[in-house]
Amino acid sequence: MSIIENALKKANNQGLIEKNKPDDSLIESDNFTSDDDSIIPKDNQVVINWNVLAAEGFIDHNDTKSQLAEEFRVIKRPLVNNIQGGEINGISRPNLILICSSLPGEGKTFVSINLALSIANELDKSVLLIDADVERPSVSRQLGIKQSPGLIEYLENDKINFSDILLKTDLSNLNVIPAGKRHKYSTELLSSQRMYLFAEEVSRRYKDRVVIFDSPPLLVATQAQILAELVGQVVLVIAAEETPQNVVNESISKLANCDVVMTLLNKTKKELDLYGYNYGYGKYGH
Ligand SMILES: Nc1ncnc2c1ncn2[C@@H]1O[C@H](COP(=O)(O)OP(=O)(O)O)[C@@H](O)[C@H]1O
Ligand SMILES: [Mg+2]
């Protein structure tokens with residue numbers, strides 16, 4: 001058995017990969033928490049419980065000096081620089097950033113949300129956080145947003161507009177697009193012309209907006225590779241001391257056509273230079 005198969009098997013045993021889903025017609029949404037604490041979007045406006053988020057280890061905007069906040073300043077800097085100089089450097093759609101990883105559980109959602117918070121809190125930029133992990137959406141769950149139409153509904157139905165799926169949050173420059181319902185043909189929807197036009201439109205119309213896509217794992221589903229070709233920049237999150245090098249190499253080969261691929265070594269236990277991020281955060285492509 002190859003190292004990749006072994007890693008997938010391990011993730012499977014840890015319950016990180018969902019078992020076969022029923023494939024009868026469309027799978028209606030069951031992908032959001034239904035507990036009463038979830039926030040029901042009203043007028044597309046959501047109020048995030050920042051205390052819960054901070055208690056779960058995410059960036060706390062009352063604690064701007066935390067190590068995590070400092071780490072995300074380091075992480076966002078090259079991405080934001082690439083947006084500013086993107087066109088000169090020949091990067092198409094530089095303001096679209098995909099957060100992916102080889103396997104589930106490496107920290108994509110953790111990085112997506114923290115990166116979005118870090119940019120929205122500290123820079124004069126608007127952030128649009130899109131939950132594109134349509135098989136296992138967790139941005140909404142993590143932010144406490146209750147079920148609402150999202151990317152899948154938009155792609156499936158051309159009567160649904162961008163404004164129908166865009167949720168405003170109480171952080172004035174942070175907006176969110178949920179994944180929406182589960183769909184049997186989500187891969188086809190993500191590779192559709194409508195998705196391409198969506199990416200083009202968002203990138204062109206909101207040049208100053210940073211658009212962060214939380215994606216499925218690259219080696220488990222095909223969607224991440226499709227999304228990687230739509231964005232200008234890809235961040236490959238790697239779980240330190242967990243993900244074998246061959247697995248990482250396999251992911252990097254799948255990202256060969258991307259303009260910019262950054263790697264982010266997550267969950268490091270060691271104290272490395274500058275809070276651990278200089279070590280693992282590098283540039284492969286471009
Ligand atoms: N750097 C980190 N520090 C603390 N917890 C983390 C870190 N990265 C990930 N986690 C936690 O590990 C778990 C898996 O991360 P998650 O972002 O959901 O992975 P993925 O989206 O890649 O499947 C979550 O509980 C998340 O909060
Ligand atoms: Mg996730």
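1. Helices (H or I, at least four residues) and strands (E, at least two) are taken as DSSP runs numbered from the N terminus, and the expected span of a helix is 1.5 Å times one less than its number of residues. The model is predicted: local features need pLDDT of at least 70 and side-chain atom pairs count only at pLDDT 80 or more, while totals for chains, interfaces and linings use all residues. Residues are numbered from 1 along each chain as its sequence is written, with chains lettered from A and ligands numbered from 1 in the order in which they are written.

2. Helix α4 covers residues 108-122, and its 15 residues reach 21 Å from first C-alpha to last, close to the expected 21 Å. A residue is buried if 20 or more other C-beta atoms lie within 10 Å of its own, exposed if 12 or fewer, and partly exposed in between, with C-beta atoms placed from the backbone. Because 13 of the 15 residues of α4 are buried, the helix is largely enclosed by the rest of the structure.

3. α4 also gives the most to the shell around ligand 1, with three residues. The residues near ligand 1 (C-beta atom, placed from the backbone, within 6 Å of it) include Gly107, Lys108, Thr109 and Asn266.

4. Glutamine 233 lies in strand β7 (residues 233-239) and counts as buried, with 27 C-beta neighbours inside 10 Å. Its C-alpha is 6.4 Å from that of leucine 98, 135 residues away in sequence.

5. Asparagine 249, in helix α11 (residues 245-254), is partly exposed, with 13 other C-beta atoms within 10 Å.
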